[in-house]
Amino acid sequence: MARMTMIEAIRDAHTVAMERDDDVVVLGEDVGYFGGVFRCTAGLQKRFGVERCFDTPISELGIVGTAIGMAAYGLKPVAEIQFADYMYPGYDQIVSEAARLRYRSAGEFTCPLVIRMPTGGGIFGAQTHSQSPEALFTHVAGLKTVVPSNPRDAKGLLLAAIADPDPVIFLEPKRLYNGPFDGHFDRPSVPWSKHPAGEVETDYFEVPLGKAAVVREGSAATLITYGTMVHVALAAVEESGEDIEVIDLRTLLPLDLDTITASVGKTGRCIVLHEATLTSGYGAEIVALVQRDCFYSLEAPVLRVAGWDTPYPHAQEWDYFPGPDRVKRAIATVLEG
Amino acid sequence: MATRKTTKKPNVSAEELLSYYRDMLLIRRFEEKAGQLYGMGLIGGFCHLYIGQEAVVVGLEAATKDGDKRVTSYRDHGHMLACGMDPNGVMAELTGREGGYSKGKGGSMHMFSKEKHFYGGHGIVGAQVPIGAGLAFSDKYKGNDNVTFTYFGDGAANQGQVAETYNMAQLWDLPVVFVIENNQYAMGTSVKRATKSPDFWERGAAYGIAGEAVDGMDVLAVKEAGEKAVAHCRAGKGPYILEVMTYRYRGHSMSDPAKYRTREEVQKMREERDPIEQVRGLLLTGDHATEDQLKEIDKEIKTIVNASADFAKESPEPALDELWTDIYAAEIPQEVN
């Protein structure tokens, strides 16, 4: 075991995967010589050579498209898109090619590709460095979508994603890279070195895709979330003094519906929380499933707390961001209902 | 590198030289102040300084007439100041205040001015390139002789949308000058690590587009090349590519320590090629100005820049309701959770 930040855990996952399998290659903007703008690939080029960890031009379509070709013929590429907000030129390749290669070739060709992208806000990045586009991926059949919330999960999920035979979108909440940010922007973050999930196995291990984690047990209501919002949810629950169960989904697709229904079946009340904008957000999917599968257990309408339906603003970020106060208001409402 | 050089004794008036000196100095001092405000925490998130590249926009603005348009990337403060936008409004946008050009909602990378025909800073690498061609299309459609200056960097030059745009611009004979500000580094990746075709202007030949490279540290050379490019476009001969060889002294953004190049490399450029020092030298050696006159200009610029910083500190944050405006022409009632 070793103490790691989320950056170090992601770097370690790359290292372990590249050591185990010569077919794992790492590509993206600034990932090689420079080691990545967030340092997630620092040292890989030096250690594994420029053939296995290499820089690309600023060409997202090219990065994704060539990685699909590599994956279709025997390699296991791990591509980095520098910010999820830069993904759109590559989206065509992700949707039309990566997600569908298996289906359209009746299983003859596959695309074991991982595309990593730093996601989310809380860093004053405004509209082109703060977005949370996970619903754009979960809406596409053929893709798997993962959002870790801590260093240990980040390493174990990334290793599972690399081992997975299908294309996986791996969204890394950039606000969590150096510590478990709980939405209290006016207080210093606790570093990962003081958090239990900063303790990470140094060898190979997988956190299986499609398994949620109950990060806090409770009986009064269920709060379902992922990524940065896991820590916001925990802070809000502590401050509310209510006995709320908090579920960290970890993988959005495949979804661990059993953990959700077991919890809501027990509590009868449910809130879904995400940073992405509300309308047609991933929370809508959860709400639909909860009302279908837990209808007779529900004692109050299922609520959503999410980013407002505006472009991500430069000013007033902390009002836009669904922080602990908004979550506490929802907790009060769902318990009254 | 086939860059255009000016003669040792430039045919230029004292008045002109003084105006270039003043405009470049304004950009430099403004950017230094922005760097300070960033360090003080008054500007958050992303802030890309233009220091070192001043001769590019100042030289090219000298080749424009009223009605000409400009559109650029996220390193946009210099372009806005050079086309006459108010330093107060630019600085207040950086601090996310109501008095900013986008009322604080856009931030450093996203500002616009209809009055000055400035069609934005754009945060996504290369996204402004096809937009610039579209602006030129409108001018051509309307039958005027305006030209659009579409600025992008050496990094963006490798984006797929640039290739598509070249083809369309030449196909439709659009009056657009593609200005490639080649500052040698795409974030942390140098030109030679991103392409084997490093003379970016020569790529135009594949589409039949005329172009050339120019010394971007020499404002007079830039102006001369700009005049030639503009004349080409106004004569209805279609687009033109100007590759301007320049250099940024600071990191890619405020959070970039620029460890991918040596201190000596930067120092050498500052000492030997600085665009402002070059003009200062011409002014003094040509007896166009005295040290005292230049000191007076320095003082004026300092006053303007300090005033912009004061304005940017004093202007209030936009009201929360402001986040919900300007999403659609008519507001659509939306849920606030």
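These legends describe close-up views of salt bridges and pockets in a predicted model.

Residues are numbered from 1 along each chain as its sequence is written, and chains are lettered from A and ligands numbered from 1 in the order in which they are written. In this predicted model, local features need pLDDT of at least 70, side-chain atom pairs count only at pLDDT 80 or more, and totals for chains, interfaces and linings use all residues; side-chain values use heavy atoms, with hydrogens and water left out.

**View 1. A salt bridge joins A:Glu19 and A:Arg47.** The N to O distance is 2.0 Å. A salt bridge is a side-chain nitrogen of Lys or Arg within 4 Å of a carboxyl oxygen of Asp or Glu. A:Glu19 sits in helix α1 (residues 6–20) and A:Arg47 in helix α2 (residues 44–48) of chain A, so the pair ties together parts 28 residues apart in sequence. Helices (H or I, at least four residues) and strands (E, at least two) are DSSP runs, numbered from the N terminus. A:Glu19 is partly exposed at 45% relative accessible area; A:Arg47 is exposed at 53%. Buried means under 20%, exposed over 50%, and partly exposed in between (1.4 Å probe, protein chains only).

**View 2. A:Glu245 and A:Lys266 pair in a salt bridge.** Their N to O distance is 2.6 Å. Strand β11 (residues 244–248) of chain A holds A:Glu245 and helix α9 (residues 257–267) of chain A holds A:Lys266, so the contact ties together parts 21 residues apart in sequence. A:Glu245 is buried, at 4% relative accessibility. A:Lys266 is partly exposed, at 48%.

View 3. A:Lys328 is partly exposed at 24%, and A:Asp325 is partly exposed at 49%.

**View 4. The second largest pocket has a volume of about 640 Å³.** Of its 32 lining residues, the closest to the centre are A:Ser132, A:Ala135, A:Thr277, A:Ser280 and A:Gly281. Domain 1 (2–200) and domain 2 (213–336) of chain A both contribute to the lining, so the pocket lies between them. Domain bounds come from an automatic or database domain assignment. On a 1 Å grid over the protein atoms alone, a pocket is an open set of points where a 1.4 Å probe fits, with protein on both sides within 12 Å along at least five of seven lines; lining residues have an atom within 4 Å of a point. Grid points are joined across faces, edges and corners, and the volume is the space filled by probe spheres set on them.
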